[in-house]
Amino acid sequence: MPANVEAAVEAARRRALDERAFWQRQYPDYLKRYPGQFVVVKGSEFLAAVPDLKALEALLAKWGLSRPDVMVRYMREPLPLLL
Amino acid sequence: MIRGYFDQTGGSLEPKVQVGITTPWHPLPCFIDCLVDTGAGVSLLMPEDALGLGIQAEALWRRLGPSAEVRVRPVGVSVSLRRMSCGYHLAHEGGAREEWSSTILVAPPEPEYYGLPSILGWDVLRRFDLRLNAALGLVMLDSL
């Protein structure tokens with residue numbers, strides 16, 4: 001793998017780890033405020049909360065944003081999973 | 001060794017590991033935290049995580065089309081998913097990476113899938129010696 005691609009992959013991996021750490025800190029607070037919604041955050045700044053995927057994608061397209069420019073997480077009611 | 005973690009933000013203990021997913025149209029991996037599901041025969045990408053693949057969830061579902069349809073049977077029901085070619089990237093501690101091409105199932109962009117973690121099933125897990133220890137908080141995948 002070329003060095004520049006290797007660096008980009010590593011940067012993407014680290015960004016994902018930072019995103020995990022962010023949600024582990026902030027998820028309980030956002031869940032209280034926006035249950036059942038997708039929360040959009042850029043850096044550590046709250047941008048929006050929207051109810052469904054279609055609205056989320058429309059909003060991101062309108063703002064010219066995509067992942068990984070922004071972090072997106074659905075605020076799921078904390079129930080045990082049975083998949 | 002690939003080290004994961006137990007996530008408790010969803011209301012229960014969920015063993016997860018970071019996985020990079022590539023597609024033919026998005027060759028740089030999108031890294032997501034997948035649930036290690038020893039009850040799943042196949043791996044599954046949820047719509048929220050598909051957002052990182054450079055294509056909108058509904059457009060992805062349409063692009064895959066009915067010819068990619070796969071029936072699976074979760075507990076008590078039968079659902080229709082779609083199969084997508086992809087690459088998997090998993091990073092070992094120390095920096096080495098495992099990469100291979102395979103497929104992943106894609107969930108439809110419907111509300112019942114919102115907020116659920118993407119799943120790593122036995123199609124991927126079979127490549128590793130998997131160790132889970134909730135008491136110690138260990139999720140470890142060693143190459144076979």
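User: Leaving aside its neighbours within four places in sequence, which residues is Ile32(B) in contact with?

Analyst: This is a predicted model, in which local features need pLDDT of at least 70, side-chain atom pairs count only at pLDDT 80 or more, and totals for chains, interfaces and linings use all residues. Residues are numbered from 1 along each chain as its sequence is written; chains are lettered from A and ligands numbered from 1 in the order in which they are written. Two residues are in contact if their C-beta atoms, placed from the backbone, lie within 7 Å. With neighbours within four places in sequence set aside, the partners of Ile32(B) are Val19(B), Ile21(B), Asp49(B), Gly52(B) and Ser118(B).

User: Is Ile32(B) buried or exposed?

Analyst: Ile32(B) lies in strand E4 (residues 26-36) of chain B; strands (E, at least two residues) and helices (H or I, at least four) are DSSP runs, numbered from the N terminus. A residue is buried if 20 or more other C-beta atoms lie within 10 Å of its own, exposed if 12 or fewer, and partly exposed in between, with C-beta atoms placed from the backbone. Ile32(B) has 24 other C-beta atoms within 10 Å, so it counts as buried.

User: What separates the C-alpha atoms of Ile32(B) and Leu45(B)?

Analyst: Ile32(B) and Leu45(B) are 13 residues apart along the chain. Their C-alpha atoms are separated by 9.5 Å.

User: Which residues have the most contacts inside the largest nonpolar core?

Analyst: A nonpolar core is a set of buried Ala, Val, Leu, Ile, Met, Phe, Trp, Tyr and Cys residues joined through C-beta atoms within 7 Å. The largest has 50 residues. Beyond four places in sequence, the contacts of Val106(B) include Leu45(B), Leu60(B) and Trp61(B). The residues with the most contacts inside the core are Ile21(B), Leu45(B) and Val106(B).

User: Which strands stand at the edges of the sheet in chain A?

Analyst: Two strands pair if DSSP finds at least two bridges between them. The open sheet of chain A has the order E2-E1-E3, with antiparallel pairing. One side of each edge strand is left without a neighbour in the sheet, because each has a single partner strand. The edge strands are E2(A) (45-50) and E3(A).

User: How many bridges join strand E1 of chain A to E2(A)?

Analyst: E1(A) covers residues 38-42 and runs antiparallel to E2(A). Phe38(A) stands opposite Val50(A) in E2(A). The number of bridges joining the two strands is five.

User: Which strands of the open sheet of chain B stand at the edges?

Analyst: That sheet has three strands in the order E1-E11-E10, paired antiparallel. E10(B) and E11(B) (residues 138-143) pair over six bridges. Phe128(B) has Ser143(B) as its bridge partner in E11(B). Each edge strand has a single partner, so one side of each is left without a neighbour in the sheet; they are E1(B) (2-3) and E10(B) (128-133).

User: Which element gives the most to the side of chain A that touches chain B?

Analyst: 23 residues of chain A are in contact with 28 residues of chain B. Helix H1 (3-33), helix H2 (53-63) and strand E3 (71-74) of chain A each supply at least two residues of the side that touches chain B. With nine residues, the element that gives the most is H1(A).
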